[in-house]
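Subject: Structure handover

Hello,

Please read them alongside the coordinates.

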Amino acid sequence: MDAETQAPPNTGHPRRWAILGVLVISLLVVVLDNTVLNVAMRTIADPKHGLGATQSELEWAINSYTLVFAGLLFTAGILADRLGRRITLVVGLTLFGIASLVSAYADTPDQLIGARALMGLGAAAVMPATLSIIANVFDPRERGRAIGVWAGAVGLGVAIGPIVGGLLLEHFWWGSVFLINVPIVVAGVALVLTLIPESRDPRPGRIDIVGVLLSIVGLTLLTYGVIAGGEDGFGEPKAWGTLVASVVVLAGFVAWERRIEFPSLDVRLFANRQFSASTGMIGLVFFAAMGAMFFSAFYLQLVRGYGPLASGALFVPFAVGQMVFAPRSAAMVKRFGPKAVSTVGLLLVAAGLAGWIFIQVDTPIWVVGALFFVMGVGMANVMPPATEAIMSALPREKAGVGSAVSNTIRQVGGALGVAALGAVISSYYRDGMDSAADGLPAAAQHVARESISGAYGVAEQAGPAGGALIGQANDAFMSAMHYASVGSAVFAVLGAVVALIWLPGKRPANAPAPSTAESMAEEQGIELVDA
């Protein structure tokens with residue numbers, strides 16, 4: 001009997017590829033929002049054409065979303081497994097659409113910050129639901145390819161978000177960047193209700209209320225501490241005190257989960273080196289990449305003087321790299337093994353980030369596009385195999401938990417990267433501007449030394465001295481960006497080391513493929529707990 005005859009039947013849903021298309025639409029609206037907002041910041045800060053938001057208010061318009069999103073991701077995954085993934089996805093999309101409408105018509109920065117927090121709540125329900133539905137409607141043999149398409153959609157959102165935002169800002173008012181979400185959400189909800197079957201954990205057991213509360217408090221404190229550290233410096237008590245408190249609470253969460261019968265997260269899964277290494281890789285690569293996206297936006301819009309649309313277009317190569325190579329990553333893993341594919345992918349990300357060390361004020365812009373492309377190709381060969389490893393370490397009925405772990409690590413890693421590398425940029429920029437603004441009034445000196453965007457604002461009012469101030473600010477920022485580039489590349493290399501040491505190599509051709517969490521756990525000596 002040949003291998004084809006022996007192959008077990010496909011257990012996937014008959015409409016699984018149409019379902020994947022709907023999930024991609026649902027995911028895109030969440031990913032699009034953050035990238036669109038980045039290009040709208042300067043307009044929202046304008047008192048005439050926007051809300052006149054201060055730098056701190058702009059940061060919190062971004063961070064209120066991140067804080068709620070990261071803090072509730074894990075809980076949303078647990079509730080999706082228990083209450084149903086389809087209904088969780090519908091509720092999340094609806095909340096996201098309502099909050100987008102409120103954001104579009106906000107009259108004050110505080111209203112925008114509150115509406116953005118509500119958007120984070122909706123997004124926290126959407127993100128893990130999409131990935132857990134994929135795990136349930138696809139046969140394990142096709143799941144890697146499906147997750148590759150899912151990861152490619154993230155890259156698509158990163159690329160088209162700034163372009164859509166730039167087009168809207170050139171033709172409409174700032175609120176249009178949020179209003180655009182509403183029709184997408186309406187179409188998404190209709191398609192979800194039409195095509196996607198409901199699924200949930202058939203044996204949910206007792207809900208772990210203490211574990212859920214500890215995870216919310218711990219992750220919220222961690223994210224807030226990271227944000228505070230990026231704003232005020234990690235030496236301030238508000239930052240390090242909150243981070244210490246988060247470590248204490250999360251340690252309590254781990255201790256609690258180890259001793260109860262029905263845990264929200266079976267922490268013994270982290271004894272599986274593939275599970276642990278994959279989560280570590282995701283955190284490290286997002287730390288590096290999101291931090292780089294943060295400083296590259298300032299470089300493109302201020303130092304190089306590109307508008308929102310043009311600077312957004314320069315992110316397209318990053319997305320092209322992901323969209324082209326992410327769907328092919330499953331075949332690459334099958335041919336070369338997860339160790340080789342992930343290690344090479346992380347080294348490509350590191351190479352793309354290291355290239356920023358040599359970027360100057362007058363570097364040909366195609367070089368920047370090429371670096372983004374290399375980063376995109378690298379991430380395309382890291383995210384799908386890492387995510388598949390996490391999802392395959394859990395049975396299908398616990399897919400929401402696996403999805404929540406993956407997405408929580410992604411959000412926290414990205415937030416930490418923006419905060420830490422942003423702190424590096426701020427520190428070295430201030431050092432470089434120490435004597436550059438000496439001839440200005442005291443208030444203007446503080447603004448010019450605080451950030452490059454502040455220096456550009458002061459230069460507009462400084463008359464003939466403005467040109468010299470801009471030149472000094474550019475020099476200070478470029479030096480700071482080079483130091484941050486070194487830091488981001490180092491973290492990508494650390495991810496490659498994790499992959500090289502702990503991920504498995506290519507499986508022999510005649511070895512049976514582990515298709516269930518039980519077989520993977522057995523290899524590591526772990527006993528899975530059915531809840």
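**Aromatic pairs**

Tyr483 has a relative accessible area of 45% and is therefore partly exposed (buried means under 20% relative accessible area, exposed over 50%, partly exposed in between, with a 1.4 Å probe and protein chains only). Tyr428, at 36% relative accessibility, is also partly exposed.

Before the rest, the basis: this is a predicted model, in which local features need pLDDT of at least 70 and side-chain atom pairs count only at pLDDT 80 or more, while totals for chains, interfaces and linings use all residues. Residues are numbered from 1 along each chain as its sequence is written, and side-chain values use heavy atoms, with hydrogens and water left out.

The model has seven aromatic pairs (rings of Phe, Tyr and Trp, the last by its six-membered ring, with centres within 6.5 Å; planes under 30 degrees apart are stacked, over 60 edge-to-face, the rest tilted). In one of them, the ring centres of Tyr428 and Tyr483 are 4.0 Å apart and the planes are at 10°, so this pair is stacked. Because Tyr428 lies in helix H18 (residues 399-432) and Tyr483 in helix H21 (residues 466-502), the pair ties together parts that are 55 residues apart in sequence (helices are DSSP runs of H or I, at least four residues, numbered from the N terminus). Elsewhere, Tyr299, Trp356 and Phe372 form a cluster through ring pairs.

**Cores**

Those three residues, Tyr299, Trp356 and Phe372, are also among the residues with the most contacts inside the largest nonpolar core, which has 67 residues (a core is a set of buried Ala, Val, Leu, Ile, Met, Phe, Trp, Tyr and Cys residues joined through side-chain atoms within 4.5 Å). Helix H11 (residues 273-303) gives the largest share of this core, 16 residues. Another core, of 57 residues, lies apart from it and includes Leu73, Ala99, Leu169 and Val189.

**Cavities**

There are two cavities of 30 Å³ or more (on a 1 Å grid over the protein atoms alone, sets of points where a 1.4 Å probe fits but cannot get out; lining residues have an atom within 4 Å of a point). Volume is the space filled by probe spheres set on the points, which are joined across faces, edges and corners. The second largest cavity has a volume of about 40 Å³. Its lining includes Ile44, Glu57, Pro109 and Ile113, and helices H3 (55-83) and H5 (109-137) each supply at least two residues of that lining.

Regards

Conventions:
On a 1 Å grid over the protein atoms alone, a cavity is a set of points where a 1.4 Å probe fits but cannot get out, and a pocket is an open set with protein on both sides within 12 Å along at least five of seven lines; lining residues have an atom within 4 Å of a point.
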